[in-house]
Amino acid sequence: MFRLPGATECFIVRLPVGGPEKLHSIGALSGKSGFVFAPFCPSEEYPVLLFATNEISTLPLPSTEMLQAGETEVVCRDDGRRRYAVDFACFHKELVAGNFAKLVLSRCCEVETAVSLSPESLFMRACNLYPSMFVALISTPESGTWLMATPEILVETVGTEYHTIALAGTMKGRRDAADWSLKNREEQRYVAAYIRECLKDVAVDITEQGPQTVWAADLLHLRSDFTFHLNDGLTIGSLLEVLHPTPAVCGLPKDKARRFILSNERVMRKYYSGFAGITGVCGKTQLYVTLRCMQIDGRKCRLYAGGGLLPSSTEQQEWDETEAKMQTMMRCLCAKQNTKNDV
């Protein structure tokens with residue numbers, strides 16, 4: 001099930017007999033069409049999943065929330081603070097040494113609800129809470145069950161043009177753009193510069209706007225928009241291989257940073273910080289980075305969040321940023337929380 005930003009209805013795509021098509025590289029999406037669910041790093045265990053959209057149905061969204069706040073209690077059983085401190089020290093050391101310009105460090109928090117909540121109800125609640133985000137509920141034997149409400153476009157088509165964004169920097173509360181810290185502005189510049197350089201090799205008629213401050217749930221971000229046309233002979237698979245993963249979820253230099261993350265980050269990202277959406281469906285592509293998400297297993301959920309580290313980053317500020325980002329999914333579960341964190 002997925003709901004496009006601003007839409008008043010959602011789409012339902014059923015698993016075909018035999019399950020989704022499994023692809024083992026991003027480039028293999030060239031010439032394909034359907035709903036895509038891709039991991040941070042494709043592998044035999046976590047392939048790119050492609051759902052055929054031959055039989056797709058629509059469902060109007062209810063005008064009221066399907067779940068009322070405070071309906072159930074959430075207990076967060078997580079000793080992640082100490083683990084995060086170890087990971088932060090490992091990542092930050094590499095940044096200070098000049099081995100990377102940026103690294104994204106992620107973490108997850110395991111929570112348990114007092115009663116079982118249906119994934120479909122959580123999806124409807126997310127749609128009501130976050131009308132301007134891309135909301136998707138994906139469940140397959142290969143991936144498990146995931147819910148996301150993400151603000152970040154990876155790539156979309158607007159007529160014959162392509163559109164992508166550089167989204168980085170995170171700040172809580174409604175504040176003026178002048179309040180952005182040097183670290184946040186620098187982080188956004190890295191992501192925008194990366195996309196700018198990538199597009200030079202694959203696109204023409206490139207225009208850039210921003211950065212501007214945008215609102216996503218109760219968080220502010222810095223965003224730059226890029227529109228362009230692909231070079232003759234290039235495909236969506238070629239573009240995605242260049243763009244994904246962006247420095248907003250990985251680091252710089254990209255390939256070296258991804259190898260470092262896979263070897264040193266304690267969290268198994270799986271489909272977190274991958275991407276999801278439609279490609280080649282009725283001539284349209286709308287793909288979003290899998291952020292603000294959780295994996296659902298009955299009453300147990302694993303909430304994921306990450307933050308971009310620079311040499312100027314501090315551990316407490318980065319931890320607080322991940323806590324704020326996890327609230328997007330936590331509010332889908334309930335308003336009342338009993339957090340048991342290791343301190």
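**Pockets and aromatic contacts**

The lining of the second largest pocket is made up, by class, of 11 nonpolar residues, one polar residue and two charged residues. The model is a predicted one, and the points below are grouped by topic.

**Second largest pocket**
- This pocket holds about 310 Å³ of space, and of its 14 lining residues those closest to the centre are Met1, Val13, Leu137, Ile138 and Ser139.
- At least two lining residues come from each of β2 (9-13), α2 (119-129) and β9 (134-140).

**Largest pocket**
- The volume of the largest pocket is about 390 Å³, and among its 16 lining residues Thr170, Met171, Asn184, Gln317 and Glu321 are the closest to the centre.
- Helix α6 gives the largest share of this lining, five residues, while the lining by class has three nonpolar, six polar and seven charged residues.

**Aromatic pairs and cluster**
- The whole structure contains 16 aromatic pairs, one of which joins phenylalanine 91 and phenylalanine 260, with ring centres 5.0 Å apart and planes at 70°, so this pair is edge-to-face.
- Because phenylalanine 91 belongs to helix α1 (residues 80-96) and phenylalanine 260 to helix α5 (residues 254-264), the pair ties together parts 169 residues apart in sequence, and both residues are buried.
- Phe2, Phe11, Phe35, Phe51, Phe134 and Tyr288 make up one aromatic cluster.

**Charges over rings**
- The charged end of arginine 107 sits over the ring of tryptophan 319, 3.7 Å from the ring's centre, and arginine 269 lies over the face of phenylalanine 40, at 4.4 Å from the ring centre.

Notes
Residues are numbered from 1 along each chain as its sequence is written. This is a predicted model: local features need pLDDT of at least 70, side-chain atom pairs count only at pLDDT 80 or more; totals for chains, interfaces and linings use all residues. Side-chain values use heavy atoms; hydrogens and water are left out. On a 1 Å grid over the protein atoms alone, a cavity is a set of points where a 1.4 Å probe fits but cannot get out, and a pocket is an open set with protein on both sides within 12 Å along at least five of seven lines; lining residues have an atom within 4 Å of a point. Grid points are joined across faces, edges and corners, and a volume is the space filled by probe spheres set on the points. Helices (H or I, at least four residues) and strands (E, at least two) are DSSP runs, numbered from the N terminus. Ala, Val, Leu, Ile, Met, Phe, Trp, Tyr, Cys and Pro count as nonpolar, Asp, Glu, Lys and Arg as charged, and the others, Gly among them, as polar. Rings of Phe, Tyr and Trp (its six-membered ring) pair if their centres lie within 6.5 Å; planes under 30 degrees apart count as stacked, over 60 as edge-to-face and the rest as tilted. Buried means under 20% relative accessible area, exposed over 50%, partly exposed in between (1.4 Å probe, protein chains only). A charge sits over a ring if NZ of Lys or CZ of Arg is within 6 Å of the ring centre and within 35 degrees of the ring normal.
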